[in-house]
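Please read it with the model open.

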Amino acid sequence: MNVREQLQAAVKEAAHHDERRRLCTLRLMQAAIRDRDQAHCVGNGEKITQAEIAALLAKMIKQREEQIVADRKAGDLETVRQTKAEIETIREFMPPLMDEPTLRTACAQVVNDIGAAGLRDVGRTITALKKRYPDQLDIGRASNLVKGMLR
């Protein structure tokens, strides 16, 4: 079952159980995907790929994490709680990220494959990691691991 189908099933379930906050978040996700489909594939009827959907959802999570920081500064704890709930809902549809040992192995493999020798090669290494494991990386963790390996 792809993300679109999972999302549609979750919308029906949330509507059936009268989970209004979750339903709003799910519909927002559907609208974002639909908008990206229309912008990306004008006239030819194609839809964005699963990888592009994952990137879109990651962007939505990042926006909400930034919003949480702003709301905490403003002292609006109720909005922080609601935004965290939105993030959890969005994360349900994200592909699972690599665990620490797998990430460490993948980083070491790429460092060896491209012949990275120093900190100047961090960017090249991260780019290669993104190409090999597009939906499975936590870029921040991967970057820290690569920097530690190349020091």
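Which residues line the second largest pocket? The points below start there.

1. The model is predicted, so to speak of local features pLDDT of at least 70 is needed, side-chain atom pairs count only at pLDDT 80 or more, and totals for chains, interfaces and linings use all residues. Residues are numbered from 1 along each chain as its sequence is written, and side-chain values use heavy atoms, with hydrogens and water left out.

2. The second largest pocket is lined by Arg4, Leu7, Gln8, Gln30, Ile33, Arg34, Asp37 and Lys47. A pocket here is an open set of points on a 1 Å grid over the protein atoms alone, where a 1.4 Å probe fits, with protein on both sides within 12 Å along at least five of seven lines; lining residues have an atom within 4 Å of a point. Its volume is about 160 Å³, counted as the space filled by probe spheres set on the points, which are joined across faces, edges and corners.

3. Helix 1 (3-16) and helix 2 (20-40) each give at least two residues to that lining. Helix 2 gives the most, with 4 residues. Helices are DSSP runs (H or I, at least four residues), numbered from the N terminus. By class, the lining has 2 nonpolar, 2 polar and 4 charged residues. Nonpolar means Ala, Val, Leu, Ile, Met, Phe, Trp, Tyr, Cys and Pro; charged means Asp, Glu, Lys and Arg; the others, Gly among them, are polar.

4. The largest pocket holds about 580 Å³ of space. Its lining has 21 residues, and Ala58, Met94, Leu97, Leu137 and Asp138 are the closest to its centre. Helix 3 (50-74) and helix 7 (139-150) are the elements that give two or more residues. Helix 3 gives the most, with 8 residues. The lining divides into 12 nonpolar, 2 polar and 7 charged residues.

5. Helix 2 also packs against helix 3, at an angle of about 130° with the axes 11 Å apart. Axes are lines fitted to C-alpha atoms over the stretch in contact, and angles run from 0 to 180 degrees between N-to-C directions. The two helices are therefore oblique to each other; oblique is what remains after under 35 degrees (roughly parallel), over 145 (roughly antiparallel) and 65 to 115 (roughly perpendicular). The contact has 8 nonpolar, 1 polar and 3 charged residues.
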